[in-house]
Amino acid sequence: MPRTAALATPSEIESRYNVYMEGCPARLVFSRLADKWSLLIVKILRDDVQRFNQLRREIGGISPKALSQTLQKLERDGLVHREAFATVPVTVEYSLTELGHTLSELVEPLVAWAENHIEEVLRSQNSFDDH
């Protein structure tokens, strides 16, 4: 049976994890957040349970392979719950876990910021590229 780590107190967490230190496992969270597909999936699942093809239709440009791999990573991280139903063909639904919902609260402002400031970013990029 696999060992589970005892939950750390807030002061232990503060002294144990520092994302600025090499090898800090909390950096894995940044790696997951840096993946655009993860953020989009979390944002969509915030509102409702979704099936694989529903997610694929909602997220323009994602390949089935990228969607499958990202869902597996999110499930492994404890952010997404996968439930399969014994139908023909098998029906699979994805939803956010409680932990996933805490992340989804942070994704919404990032999405809003990106949509509200994209024109400024594009202007800056064009200005930079012109020099």
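The points below take the sheet, then the helix contacts, then the charged pairs.

1. Basis of the note. The model is predicted, with local features requiring pLDDT of at least 70 and side-chain atom pairs counted only at pLDDT 80 or more, while totals for chains, interfaces and linings use all residues. Residues are numbered from 1 along each chain as its sequence is written, and side-chain values use heavy atoms, with hydrogens and water left out.

2. The sheet. Three strands make an open, antiparallel sheet in the order β1-β3-β2. Helices (H or I, at least four residues) and strands (E, at least two) are DSSP runs numbered from the N terminus, and two strands pair if DSSP finds at least two bridges between them.

3. Strand pairing. β1 (residues 50-51) is joined to β3 by two bridges, and the two strands run antiparallel. Six bridges join β2 (residues 80-85) to β3, again antiparallel, and a hairpin connects β2 to β3 through five residues. E93 of β3 stands opposite R51 and is also the bridge partner of E83.

4. Burial of β3. How many of the six residues of strand β3 are buried? In β3 (residues 91-96), five of the six are buried, and the strand is mostly covered. Here buried means under 20% relative accessible area, exposed means over 50%, and partly exposed lies in between (1.4 Å probe, protein chains only).

5. Helix α3 on the sheet. α3 packs on the sheet and touches β1, β2 and β3, contact meaning heavy atoms within 4.5 Å. The direction of α3 makes about 95° with that of β3. Axes are lines fitted to C-alpha atoms, for helices over the stretch in contact, and angles run from 0 to 180 degrees between N-to-C directions.

6. Helices α3 and α5. Two packed helices are described by the angle between their axes and the distance between the axes. For α3 (residues 36-47) and α5 (residues 64-76), the angle is about 75° and the axes are 10 Å apart. That makes α3 roughly perpendicular to α5; angles under 35 degrees count as roughly parallel, over 145 as roughly antiparallel, 65 to 115 as roughly perpendicular and the rest as oblique. On the α3 side the contact involves W37, S38, I41 and V42, which meet A66, L67, T70, L71 and L74 of α5. By class, this contact has seven nonpolar, two polar and no charged residues. Ala, Val, Leu, Ile, Met, Phe, Trp, Tyr, Cys and Pro count as nonpolar, Asp, Glu, Lys and Arg as charged, and the others, Gly among them, as polar.

7. Helices α3 and α6. The axes of α3 and α6 come within 9 Å and cross at roughly 110°, and the two helices are therefore roughly perpendicular to each other. From α3, the contact uses L39, V42, K43 and R46; from α6, it uses G100, H101, L103, S104, E105, V107, E108 and V111. The class count for α3 with α6 is five nonpolar, three polar and four charged residues.

8. The structure holds three salt bridges, each defined as a side-chain nitrogen of Lys or Arg within 4 Å of a carboxyl oxygen of Asp or Glu. One of them pairs E108 with K43 (3.3 Å, N to O). E108 belongs to α6 (residues 98-130) and K43 to α3, so the pair ties together parts 65 residues apart in sequence. R46 also bridges to E108, with the closest N and O atoms 3.8 Å apart; this pair links α3 and α6 across 62 residues. E108 is partly exposed at 33% relative accessibility, as are K43 at 21% and R46 at 32%.

9. The R32 and D77 pair. The side chains of R32 and D77 form a salt bridge (2.5 Å, N to O). R32 lies in helix α2 (residues 27-33) and D77 in the loop between α5 and β2, 45 residues apart. Which of these residues is buried and which is partly exposed? R32 is buried, with a relative accessible area of 15%, whereas D77 is partly exposed at 31%.
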